[in-house]
Amino acid sequence: MELKTTFKEQVISEIITRRENFSGSDSKYAKSLDLSPSVYSRLKNGESHQLISDSLILQIARKLNIQTSSNTWKLVKTSVYQQLESNLNFCKQHTESMILIDDCGIGKSACSRHIVQGMHDSFYIDCSQAKTKQRFVRYIAKVVGINDTGRYHDVKENLKYYINAVLVNPLFVLDDVGYLDYSAFLEIPELWNSTEDRCSWYMIGDESLKKTFERSIENQKKGFRAIKSRFLDEYISFTPKGEDKRSFLSELYQDVAYANVKDKSKVNKIVKMTLAEDSRLRYLKKIVKINNNI
């Protein structure tokens, strides 16, 4: 299937626009998108005809999280979005690191990914896609635009150098950290130590990650106490406990449902259904889409 010209143009436009948030050279930026420097140079100069294959266009669109006009789902700046944005700006401004531990399905991943796209030298890392030590470090190297092949030691040392010497006050959002193997997890304190006062880190996980930390610290497992102390020595959470939790979720679902459901009279019913099922935004999204298609 051949991609539509309008879609290709949209992706190429985003490639050029996103360049301003990347401190490295044009060559490094091109590398981060699997483009050759010569192709990127021609794109920047306004040339585009048959420069990039359809498969690479799709790959870049996925990497940049580009949404087509056919995807009508609206990302809403909920209280979760606003608190995440505040956290990330704080980390970047003060070169600090944090650990966010919160419920699944409240929009942590979608919001953080969207926020990072608009921040200079900031990178979203989906740890569920790079669970092993080698894949984790090489994945980060590829995301920032440096060579991720060759000897592992060289890739890691080049990554440390690039963060310290080239990127300007970078921020790395490590989402779904709980998926990392133990050996991959131990790379985090090494990267933190080698980039101290030059780089910010923001770790995201659910309650299972907190339990892993607490159990490992109690059992004196290497790395966990060190990491927590470097990440402000506490866990951040947005969802309140007890009776306030239901009202928090109700407001969250109201905001998202109202922005996306066509028939606004159905918002309260959809929110009640989601709360009754003890479900989260993924369930609400399904219900909204079903109602929009009726």
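Q: Are F185 and F224 buried or exposed?
A: F185 and F224 are both buried, where buried means under 20% relative accessible area, exposed over 50% and partly exposed in between, with a 1.4 Å probe and protein chains only. This is a predicted model, in which local features need pLDDT of at least 70 and side-chain atom pairs count only at pLDDT 80 or more, while totals for chains, interfaces and linings use all residues. Residues are numbered from 1 along each chain as its sequence is written, and side-chain values use heavy atoms, with hydrogens and water left out.

Q: How many aromatic pairs are there?
A: The count comes to ten aromatic pairs. Rings of Phe, Tyr and Trp (its six-membered ring) pair if their centres lie within 6.5 Å; planes under 30 degrees apart count as stacked, over 60 as edge-to-face and the rest as tilted.

Q: Why is the pair of F185 and F224 stacked?
A: The ring centres of F185 and F224 are 4.6 Å apart and the planes lie at 20°, so the pair is stacked. It links distant parts of the chain, 39 residues apart: F185 belongs to helix α9 (residues 182-185) and F224 to helix α12 (residues 224-230). Helices (H or I, at least four residues) and strands (E, at least two) are DSSP runs, numbered from the N terminus.

Q: What do F213 and F224 form?
A: F213 and F224 form an edge-to-face aromatic pair, with 5.4 Å from centre to centre and 90° between the planes. F213 is in helix α11 (residues 207-218) and F224 in helix α12, eleven residues apart. F213 counts as buried because its relative accessibility is 0%.

Q: Which rings are linked into a cluster?
A: Ring pairs join F22, Y29, Y40, F123, F172 and W201 into a cluster.

Q: Changing topic, where does the charged end of K221 sit?
A: The charged end of K221 is over the ring of Y182, 4.4 Å from the ring centre. A charge sits over a ring if NZ of Lys or CZ of Arg is within 6 Å of the ring centre and within 35 degrees of the ring normal. K264 lies over the face of Y258, at 4.9 Å from the ring centre.
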